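Hello,

Here is the structure I promised to pass on to you.

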Amino acid sequence: MIFLAPECFICMLRQADLAARAQNATEHERVAIQAKVCDMLRDLPSKDEIPAVTATRLQEILRESLGTNNPFGPMKERIFSRFEEMAARARQLLEGASDPWSAAVRLAAFGNILDSGIVDQDAMDKEVSSISEDVHEYRLPSRFRERLLQADQVGVLMDNVGEAAFDLPLLSLLASNGKSLWIGVKGGIVYDDLTLEDAERLGLGAYGELVSNGNQGVGTILDLCAEPFRERLFSSGLILSKGQANFETLVGRVTNAYYLLRCKCPVVSRAVGRPEGEYLFLDASGRQAE
């Protein structure tokens, strides 16, 4: 499991200021919000808390302090405006792949760089412009490939709006190969993550059933999730989970899950024994997928 580390506190303050600046908060207001976040961090009920759970507390503070249910809304709308461009880029990169399954999974992992809550816009743009045909060289781990091809029901836990553009090739392959596909999304607005409304806006229902987890938690905090969602999560043949927060909240808890994410911080890097910046494909226990 992954627990709070000193770097998490710095990250929380940075996220708070990103939201404040997105809402055009004054300098005085930004200082006041940072003070509230510091109070929250000081008074946590346990220092052995999963970072995504603490980030959920942070989101509550931001919604209240900024007077909006959607603190990252302006960033999210900019992402929507570029979605078709990103989706076309993903489709272009998949074309000509000798192994479409491998290329589609690699693209889905790559998309995790698009994260307005952690990664700044310039860094995201640079990553997107630099990805090349090397996605065709990636090969899926053999054991995972076998499980994927044999699974009748597959659930994909989505992350944020921007990276969904790079998930489309994988969703399309799953749907066109007869999988009973369901697509998990947030039950309410949090960061720039996909909600049910967002998924419908992007037409993701064309690939599979859209399923809300029933809450506004960061990642997938099982205690907050609706019972039908939890039942589907544990009963599906295979779960593909996107993003670092989903990994933090589910690793070791869901035995049928695999995790696709970008290692975005030293805390996760230490936990999995891989370098920061690396794209990770991990099994249910958090080890490199085989």
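Helix α1 (residues 6–22) and helix α2 (residues 27–42) have axes that come within 10 Å and cross at roughly 150 degrees. That makes α1 roughly antiparallel to α2, since angles over 145 degrees count as roughly antiparallel and those under 35 as roughly parallel, with 65 to 115 roughly perpendicular and the rest oblique. Axes here are lines fitted to C-alpha atoms, for helices over the stretch in contact, and angles run from 0 to 180 degrees between N-to-C directions. The helices themselves are DSSP runs (H or I, at least four residues), numbered from the N terminus.

This is a predicted model, where local features need pLDDT of at least 70 and side-chain atom pairs count only at pLDDT 80 or more, while totals for chains, interfaces and linings use all residues. Residues are numbered from 1 along each chain as its sequence is written, and side-chain values use heavy atoms, with hydrogens and water left out.

On the α1 side, F9, M12, L13, A16, D17, A20 and R21 meet R30, I33, Q34, V37, C38 and L41 of α2, where contact means heavy atoms within 4.5 Å. These contact residues divide into 9 nonpolar, 1 polar and 3 charged (Ala, Val, Leu, Ile, Met, Phe, Trp, Tyr, Cys and Pro count as nonpolar, Asp, Glu, Lys and Arg as charged, and the others, Gly among them, as polar).

α2 also packs against helix α3 (residues 51–66), at an angle of about 150 degrees and with the axes 10 Å apart. Here too α2 makes a right-handed crossing. I33, K36, V37, M40 and L41 of α2 touch T54, R57, L58, I61, L62, S65 and L66 of α3, giving 8 nonpolar, 2 polar and 2 charged residues.

Next, look at helix α5 (residues 83–94) and helix α9 (residues 161–176), whose axes lie 8 Å apart at an angle of about 30 degrees. That makes α5 roughly parallel to α9. Their contact involves F83, M86, A87, R89, A90 and L94 of α5 with V161, A164, A165, F166, L168 and P169 of α9. By class, this contact has 11 nonpolar, no polar and 1 charged residues.

Happy exploring!

Key. Helix = DSSP H or I, 4+ residues; strand = E, 2+ residues; numbered from the N terminus. Left-handed = near helix turned anticlockwise from the far one by under 90°.
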